[in-house]
Amino acid sequence: MTRASNTQNNAQGRTQGSDQGDPVTLSKKGLPDWLDPVVRAVETVQPVQLSRFLPPQDGGGRQSAVLILFGEGERGPELLLMERATSLRSHAGQPSFPGGALDPEDGDPHGDGPLRAALREAEEETGLDPAGVQLFGVLPKLYIPVSGFVVTPVVGWWREPSPVGVVDPGETARVFTVPVADLTDPAHRATTVHPAGHRGPAFLVESALVWGFTAGVIDRLLHYAGWERPWDREKQVPLDWRS
């Protein structure tokens, strides 16, 4: 896999369906065998198994999508992550999946709009070429109360890796990949504790503390894919009030 870099890269490639009106489809054809547990988890997991924060029943919240992109690097399976710019109003400085709010051009938020948005945002934030991404699943919509986002996690395979890096420093501070082996390593796992009392899973990887929504989704995917290893849940990392 092409390694993440800090150089700006404006990928020009477009995947099928990147223009509104063209279909964006999900396909499991040709996926590597090691992704089979992820495919099964995506197909069977229930919303309450992922998070206690679910979309408001009144339909409120801003529709958004993130791309959970699995690739294969020098150390085996890995995930693409980015670190949000510290100047952003929401979730500033946090490692996250590429993603953001749906635009009108993305189309129906209850149809393939989230698929388009996930690919578009990934391209805008990381320079990723969407033509090399094979989307194969969608997790249940989740809710982030602090920002009011209703998030659709879209899961893909980086079939044809492309160079990635910071495109707009005003949005993204860093783009990087994390080996799944590091995410499952008990030495890299911890529990974050917020001053308000909130606790959640975290990962100390690639000189970053991955926590919050992103860590919660990764934690549940590892668990339901059968990749989770026993780890010390009493190992704590304190957060400050700005988190």
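**Close-up 1. Helix 1 and what covers it.** The cover over the buried residues of helix 1 includes strand 1 (62–73), strand 5 (133–138), strand 7 (149–158) and helix 5 (212–224). Contact here means heavy atoms within 4.5 Å. Helices (H or I, at least four residues) and strands (E, at least two) are DSSP runs, numbered from the N terminus. Helix 1 itself takes in residues 36–44, and its buried residues are P37, V38, V39, A41 and V42. As for the terms, buried is under 20% relative accessible area, exposed is over 50%, and partly exposed lies in between (1.4 Å probe, protein chains only). A word on the source: this is a predicted model, where local features need pLDDT of at least 70 and side-chain atom pairs count only at pLDDT 80 or more, while totals for chains, interfaces and linings use all residues. Residues are numbered from 1 along each chain as its sequence is written, and side-chain values use heavy atoms, with hydrogens and water left out.

Close-up 2. E43 forms a salt bridge with K28, and their closest N and O atoms are 3.3 Å apart. E43 belongs to helix 1 and K28 to the segment before helix 1, so to speak two distant parts of the chain, 15 residues apart. A salt bridge is a side-chain nitrogen of Lys or Arg within 4 Å of a carboxyl oxygen of Asp or Glu. By that rule the count comes to 13 salt bridges. E43 counts as exposed, at 52% relative accessibility, and K28 as partly exposed, at 46%.

Close-up 3. R75 pairs with D182 in a salt bridge, the closest N and O atoms being 2.8 Å apart. R75 sits in the loop between strand 1 and strand 2 (76–84) and D182 in helix 4 (residues 180–183), so this pair ties together parts that are 107 residues apart in sequence. D182 is buried, with a relative accessible area of 10%. The other salt bridge joins R189 and E228, with the closest N and O atoms 3.7 Å apart. Here R189 lies in strand 9 (residues 189–193) and E228 in the loop between helix 5 and strand 12 (236–238), so the two tie together parts 39 residues apart in sequence. R189 is buried at 1%, whereas E228 is partly exposed at 22%.

**Close-up 4. Helix 3 and the loop after it.** Helix 3 (residues 113–126) has 13 of its 14 residues buried, so it is largely enclosed by the rest of the structure. Just after helix 3 comes G127, with a positive phi of about 75 degrees. P130 is found in the loop between helix 3 and strand 5, and counts as buried at 2% relative accessibility. P130 and A118 are 12 residues apart in sequence, with their C-alpha atoms 9.6 Å apart in space.

Close-up 5. Two strands pair if DSSP finds at least two bridges between them. Strand 9 and strand 12 pair in the parallel sense over 3 bridges, and T191 stands opposite Q236 in strand 12.
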